[in-house]
Amino acid sequence: MSTDRYPFREIEAKWQSIWEETKQFRVREDPSRPKFYCLEMFPYPSGRIHMGHVRVYAIGDLLARFKWMRGFNVLHPMGWDAFGLPAENAAIEHGVHPVIWTYENIDYMRSQLKKMGISYDWEREVTTCDPAYYKWEQLIFIRMLERGLAYRRRSTVNWCPSCQTVLANEQVEDGRCWRCDSEVTPREIDGWFFKITAYAEELLAWCDRLPGWPERVLTMQRNWIGKSEGVEFDLPVEGREDLSIRVFTTRPDTAFGMTYAVLAPEHPLVDRIVTGAAERDAVARFRAEVGRQSEIERTAADRPKRGLRLTAKIVNPFNSVAIPLFLADYVLMGYGTGAIMAVPGEDERDWEFAEQYGLPIIETVRRPDGWTGKAYTGDGVKINSGFLDGLTVAEAKRRATDWLVTRGLGTAKVNYRLRDWGISRQRYWGAPIPVLYCDKCGMVPEAEQNLPVALPRDVQLSGKGGSPLASLASFVNATCPRCGGPARRETDTMDTFVESSWYFLRYCSPGYGSGMFERSAAEYWMPVDQYIGGIEHAVLHLLYARFYTKVLRDLGLTKIDEPFMALLSQGMVIKDGAKMSKSKGNVVSDDFVREKFGADTGRLFELFAAPPEKDLEWNDQGIEGASRFLNRIWRFVSAHLEELSTAPRTCPTPVTDAGRAFRRVIHETIRRVTDDIEREFHFNTAIAAIMELVNALQAFEAASANGQGAAPDRAALLREAIETTLLLLGPFCPHVTEEIWSRFGHRESLFRQRWPTVDAAALQKTEVTVVVQVDGKVRGRLLVDVDAADERVQQLALGDDRVRPWVAQRRVEKVVVVPNRLVNIVTRA
């Protein structure tokens with residue numbers, strides 16, 4: 001065994017080969033054992049894994065190995081979220097087919113993960129662009145279509161007239177196409193939607209039943225669902241008996257403070273309200289300007305609002321006052337009714353708009369004393385509100401709602417910010433939507449026996465003119481499964497979030513050919529016990545996966561209500577002040593780190609540098625420090641292997657004080673590391689505890705070798721300490737620990753061992769250090785017997801050489817003894 005630096009290249013290749021040959025991580029259902037399903041969010045095969053990606057896989061591997069050693073039957077799979085726009089863009093830019101680009105990347109990234117030593121059961125690998133995978137989501141689409149949970153309607157999209165294609169919001173930069181810089185325009189097209197709003201209330205309610213999720217993520221989901229309880233009522237257009245505008249508000253009590261109203265520019269009533277030619281031109285220009293903004297830009301709180309005042313006015317039904325009507329960019333057609341009553345006195349956004357356009361501001365709630373803010377959204381007594389004056393806000397809400405309902409002017413209403421999930425993508429590289437259009441039968445789902453509707457490979461990708469599927473006659477021209485006549489296939493493909501909404505179920509039985517998953521396997525493994533992924537997926541992916549799971553439950557395919565019982569959202573890896581990413585040119589290659597330091601070192605650094613939920617700042621000194629620590633262990637074992645290999649494997653009760661103190665450190669470390677991993681995910685402090693144990697190990701060895709506290713049980717204690725270190729460090733650094741473990745003569749893998757348990761007897765102390773304070777300042781420390789009598793502790797404290805000078809010339813008025821902790825001496829001159 002080399003005594004210098006451990007040969008990580010040789011060791012890591014050796015153990016990766018052994019684990020693969022022995023199928024170390026293959027797992028099967030075993031009802032006799034508790035299960036643990038550990039899952040990291042599967043990656044998009046973009047080409048290369050860098051150290052910004054490694055963190056999530058290191059966390060998952062740590063937890064999987066820890067749970068194995070705790071006696072669990074662990075499922076830890078990996079696959080590929082393989083559809084998506086980047087592969088299509090690569091095909092356009094580099095002239096390589098998305099299939100080739102994707103599978104080449106998968107092969108490379110798989111090899112990287114294996115070289116990291118991640119404990120995946122590779123027999124369960126899934127790839128979402130495989131027809132054998134997306135066949136099943138096509139079947140579920142048909143089932144959802146039959147139940148009204150999938151439907152088609154027109155919607156507004158970003159359209160590039162030059163590329164002749166739809167753009168995602170992220171592809172619109174300052175109102176222009178990211179690829180050709182042409183001005184983007186809004187366009188209405190037909191698209192497919194999943195009715196996630198049918199599950200809004202259940203999705204919201206279950207946010208209170210997921211204690212293993214971070215509160216930050218649950219709050220983001222609650223806000224995205226956005227439940228609002230209020231009232232809908234009509235605002236008549238002045239002078240137009242046939243025309244009124246429906247608004248929704250959660251604060252009907254503020255209606256007497258309504259000083260203007262707003263329509264979304266795309267509201268269908270705009271064209272009926274606006275009659276003059278000049279005003280129509282102004283509206284068209286305003287709509288075009290707003291259309292160049294994304295919804296995120298339109299609703300951003302930190303940007304000025306833009307409006308267009310119309311000639312028409314509306315009438316406030318509460319006081320019959322005619323007030324101005326605007327179009328404004330901050331009101332969206334997709335939420336509520338696409339129109340709002342504006343009450344600047346009690347709404348910050350309305351206040352800013354009113355100030356900008358010189359509109360009146362009426363306060364309808366008495367401000368607290370000393371209030372200096374603008375809009376007030378708190379509680380208080382109603383003022384300037386007619387029949388609501390003197391009521392509290394809650395009372396006034398009920399009274400105003402009752403007033404509208406009894407007069408037939410409005411209805412109580414619950415609204416959600418959540419909108420149905422648009423799954424249509426006018427792209428090639430995605431799962432085809434299994435629908436045909438027949439002149440005789442209309443829209444028809446594909447027959448189940450014809451699934452999958454496979455994505456054809458003989459296409460030409462140019463990036464212009466929309467999806468190439470629309471011009472591929474061999475794909476478009478099909479036979480109607482209902483009448484046998486000619487039909488046209490749907491050429492939209494599904495959003496890739498559909499594939500990631502159920503992949504965790506497919507892992508339970510990836511080779512199952514008779515359905516989406518084998519029910520018995522899913523019932524054993526699901527739900528996922530620990531899900532790990534970035535905070536950027538806090539809303540869309542996680543919400544869609546929750547919705548899709550509930551749909552599958554209602555279709556009778558599974559019994560579970562929620563897919564993920566616990567969630568860990570790891571922070572980003574930061575380098576040079578920015579998130580590590582290829583686009584920023586600040587990545588540290590995983591290949592580079594492995595070649596220079598080894599996989600274990602890279603993993604150890606990323607697990608030690610910061611708590612998992614916090615951002616991690618990459619620095620070269622930190623990874624060099626991790627390397628030095630592993631080499632310290634290697635050199636120590638190398639120097640003492642002969643002595644330790646022949647030492648007893650069970651340590652008798654130490655006979656010396658030094659031996660007892662050292663064994664106490666060993667078992668305190670077991671307790672600390674176990675708690676840090678299992679309860680708190682404090683991986684960094686767990687590593688710190690292991691480092692402290694190694695320091696204690698070296699100190700004990702040096703002292704006993706020099707005759708300072710040498711004991712007949714020295715070798716047994718050193719062996720217990722080293723083997724405990726290996727067991728505790730194994731999930732963090734599996735290769736080097738597995739190698740050292742085997743060199744101690746163990747024939748079975750380190751990860752087949754049980755996690756070390758605390759010996760309660762070893763933790764018992766016979767002596768404790770007691771702090772001595774004089775008049776509140778620490779003046780000495782005493783080593784006393786545990787639970788020594790107060791009188792004895794007081795006597796020792798007053799007689800201590802370090803304490804006597806501080807009490808000799810003063811009168812001791814009081815001595816307070818806190819058993820096993822503190823002596824507090826109070827004096828007077």
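Start by selecting His267: beyond its neighbours within four places in sequence, His267 is in contact with Arg287, Met333, Thr337, Gly338 and Ala339. Contact here means heavy atoms within 4.5 Å. Before you go on, note that this is a predicted model, in which local features need pLDDT of at least 70 and side-chain atom pairs count only at pLDDT 80 or more, while totals for chains, interfaces and linings use all residues. Residues are numbered from 1 along each chain as its sequence is written, and side-chain values use heavy atoms, with hydrogens and water left out.

Stay with His267 for a moment. This residue sits in the loop between strand 12 (260-263) and helix 8 (270-273). Helices (H or I, at least four residues) and strands (E, at least two) are DSSP runs, numbered from the N terminus. Is His267 buried or exposed? His267 counts as buried because its relative accessibility is 7%. The cut-offs are under 20% relative accessible area for buried and over 50% for exposed, with partly exposed in between (1.4 Å probe, protein chains only).

For a contrast, select Gln460, in the loop between strand 20 (442-445) and helix 13 (473-476). Gln460 counts as exposed, because its relative accessibility is 71%.

Next, the salt bridges. A salt bridge is a side-chain nitrogen of Lys or Arg within 4 Å of a carboxyl oxygen of Asp or Glu. The whole structure holds 66 salt bridges.

Select Arg152 and Asp190, whose side chains form a salt bridge at 3.8 Å, N to O. Arg152 belongs to strand 5 (residues 150-160) and Asp190 to strand 9 (residues 185-194), so this pair ties together parts that are 38 residues apart in sequence. Arg152 is partly exposed at 37% relative accessibility, and Asp190 is also partly exposed, with a relative accessible area of 28%.

Glu490 lies in the loop between strand 22 (486-489) and strand 23 (493-494), so its pairing with Arg152 in strand 5 ties together parts that are 338 residues apart in sequence. Glu490 is buried, with a relative accessible area of 6%.

Now jump to Asp800 and Arg802, another salt bridge, where the closest N and O atoms are 3.2 Å apart. Asp800 counts as buried at 14% relative accessibility, whereas Arg802 is partly exposed, with a relative accessible area of 47%.

For a network of salt bridges, select Glu202, Arg546, Lys550, Arg553, Asp554, Asp561 and Glu562 together.

Three strands make an open sheet in the order 27-26-28, with mixed pairing. Its edge strands, each pairing on one side only, are strand 27 (578-579) and strand 28 (616-617). Strands count as paired if DSSP finds at least two bridges between them. Strand 26 (residues 573-575) pairs with strand 27 in the antiparallel sense over two bridges.

Finish at helix 18 (residues 599-608). How many of its ten residues are buried? Nine are, so to speak, under cover: Ala599, Asp600, Thr601, Gly602, Arg603, Leu604, Phe605, Glu606 and Leu607.
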